[in-house]
Amino acid sequence: MGVVVEKKVENNVLSATQKVIQEAINKLGYRDEMYELLKEPVRMLTVRIPIRMDNGDVKVFTGYRAQHNDAVGPTKGGIRFHPEVTEDEVKALSMWMTLKCGIVNVPYGGGKGGIVCDPRSMSFPEIERLSRGYVRAISQIVGPTKDIPAPDVFTNSQTMAWMMDEYSRIREFDSPGFITGKPVILGGSHGRETATAMGVTICIEEAAKAKEMDLVGAKIIIQGFGNAGGYLAKILTGRGAKIIGISDAYGALYDEAGLDIDYLLDKRDSFGTVTKLFKNTIPNHELLKQECDILVPAAVANQITGENAHEIKANIVVEAANGPTTMEATKILADRGILIVPDVLASSGGVTVSYFEWVQNNIGYYWSEEEVAEKLREKIVSAFNTVIHTASLHKVDTRLAAYMVGIRKTAEASRFRGWV
Ligand code: NAD
C-alpha cells in the first residue's frame with residue numbers, strides 16, 4: 001500500500017504541470033492548439049457515492065476519475081483514497097501518467113482516480129463497500145479497453161480485487177484486465193510489488209554508468225523508508241551499494257560506514273517509520289545535505305528547493321517520489337552538473353509492470369518473475385537513454401527532456417487522429 005501522506009503533491013500542482021507541458025510542447029515545435037488540447041484531461045467525472053456505514057448511517061463520498069488523453073490507447077492510472085484528494089490533484093496526476101506512459105513507451109494515455117475519504121478510520125467492510133460503490137459509479141467510462149485503474153495512496157491489491165470483482169459482476173464476465181495491481185491469484189503480475197523500486201534501481205545503475213561511477217561501494221542516501229524507499233534500500237544493498245542514510249517522517253539515520261538495512265526493515269512499522277526507535281537521529285533536512293554519491297528522495301514532494309539545492313553534495317539525484325524537486329532547484333542542480341533522473345522517468349516501473357499485467361490478462365498466459373524483470377529492464381534502460389539523448393540534443397535539463405519524450409507520443413497520436 002502506498003501509505004504516504006503526501007503533503008498535497010503541491011497546491012499548485014496542476015499549474016506547475018501545465019507549465020512544463022507547455023514548455024515541452026513548444027520545444028517540440030507544436031502549435032498552441034496542441035497545448036489547448038493537452039493542458040486538461042479530455043474527460044473528468046465527479047461522482048457521489050452513498051455508503052451504508054457500520055453504524056447504520058449513510059455517508060456520501062465524493063470521487064473523481066480523470067482521463068487525460070486517449071489518443072494513444074486506453075487511459076491508465078491509480079486510484080487514491082485520501083482525505084485531501086482534490087479535483088485539480090487528480091487532473092494533474094492523470095497528466096503525469098500520460099508522461100510516464102509516453103516515457104516507457106506503453107500504449108496508454110494517462111488516467112487517475114481518487115475518493116475523498118480516510119481509510120485509516122474506516123472498517124474493512126466499509127472500505128469494501130466504498131471500493132465497489134466507486135466502480136459502479138464510474139463503470140460507464142472504464143474498462144479493459146477504455147481506462148484501466150491501479151493502486152495508489154492508501155489502496156492495495158485487496159482494493160483492486162474488490163473492484164475487479166464488482167466490475168466483472170456488472171459486465172457479467174470475468175474481466176481481470178479491467179484493473180492492475182491485483183493479487184497474483186487473480187491475475188496479478190509477478191514483480192508488481194517491487195516494480196517501482198526495481199525501476200528506480202535500474203535508473204540508478206544507468207545514471208552511475210553515465211557518470212562513470214561504480215555502484216559497488218557507492219554511498220547512497222534515501223529519504224523515506226516506506227514502500228518505495230524500503231524495497232529500494234534492500235535491492236541496492238544486494239547490488240553492493242552502501243546505504244549511509246535513510247529517513248522517515250520523524251527523523252533521519254546517518255552512518256558513513258553504512259546502515260544495517262535488514263535490521264531497519266525488520267524494525268520498521270507498516271507506515272514506514274523506524275527512526276523513532278533511535279536516539280542518535282538527525283533532522284530530515286540535514287540528511288539531504290550530507291556527503292554522498294547518490295541521493296534518492298523517496299518520501300514527499302518539495303524536498304529539494306531553491307533554499308537547499310546549493311548544499312546538495314550528491315553527483316546524482318534520482319527522484320523516486322513524485323515532485324520532490326522544485327523547478328527552481330532543478331535549475332540549480334542542473335547548472336551544478338548534478339545528474340537528475342526526474343520522477344516521471346525514475347518512478348515509472350510501477351506503470352510498466354502494470355502494463356505487463358494487463359498484457360498477461362489479455363493473452364491469458366503468465367510470465368515468470370525473471371521474465372518480468374528482464375522486460376522491465378529493457379523498457380527502463382531504453383527510456384533512460386531516450387531522455388538523456390533528448391536532453392543533450394535539445395540542450396535542456398533532464399526534466400524538460402523527460403516531459404518532451406513523455407508528451408510526444410500523445411501529441412503525435414492526437415495529430416494523426418486529426419484532433420488538432
Ligand atoms: P509510503 O507511505 O510507503 O512511505 C513514505 C515514507 O516517507 C515513510 O517512511 C514516511 O515516514 C516517509 N516520510 C513522510 N513524510 C516525510 C518527510 N517529510 N520527510 C522524510 N520522510 C517522510 O509511500 P511510498 O509508496 O513509498 O511512496 C513514496 C513516494 O514515492 C511518494 O511520492 C509516491 O508518490 C512515490 N511513488 C511510489 C510508488 C509506489 O509504488 N509505492 C510509485 C510511484 C511513485
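This is a short tour of a predicted model, moving from domains to a helix pair and then to salt bridges. Local features need pLDDT of at least 70 and side-chain atom pairs pLDDT 80 or more, while totals for chains, interfaces and linings use all residues. Residues are numbered from 1 along each chain as its sequence is written, and side-chain values use heavy atoms, without hydrogens and water.

Select residues 41–174 (domain 1) and 195–337 (domain 2); the bounds come from an automatic or database domain assignment. Their centres, taken over C-alpha atoms, are 30 Å apart.

Next, select helix 1 (residues 13–27) and helix 14 (residues 398–416), whose axes come within 9 Å and cross at roughly 75 degrees. Helices are DSSP runs (H or I, at least four residues; strands are E, at least two), numbered from the N terminus. Axes are lines fitted to C-alpha atoms, for helices over the stretch in contact, with angles from 0 to 180 degrees between N-to-C directions. The two helices are roughly perpendicular (65 to 115 degrees). In contact (heavy atoms within 4.5 Å) are residues including Val 20 and Ile 21 of helix 1 and Tyr 403 and Met 404 of helix 14.

Now show salt bridges (Lys or Arg side-chain nitrogen within 4 Å of an Asp or Glu carboxyl oxygen); the whole structure has 26. In helix 6 (residues 195–210), pick Glu 206 and Lys 209, three residues apart, with closest N and O atoms at 2.9 Å. Glu 206 is buried at 8% relative accessible area, whereas Lys 209 is exposed at 58% (buried under 20%, exposed over 50%, partly exposed in between; 1.4 Å probe, protein chains only).

Notes: Angles under 35 degrees count as roughly parallel, over 145 as roughly antiparallel, 65 to 115 as roughly perpendicular and the rest as oblique.
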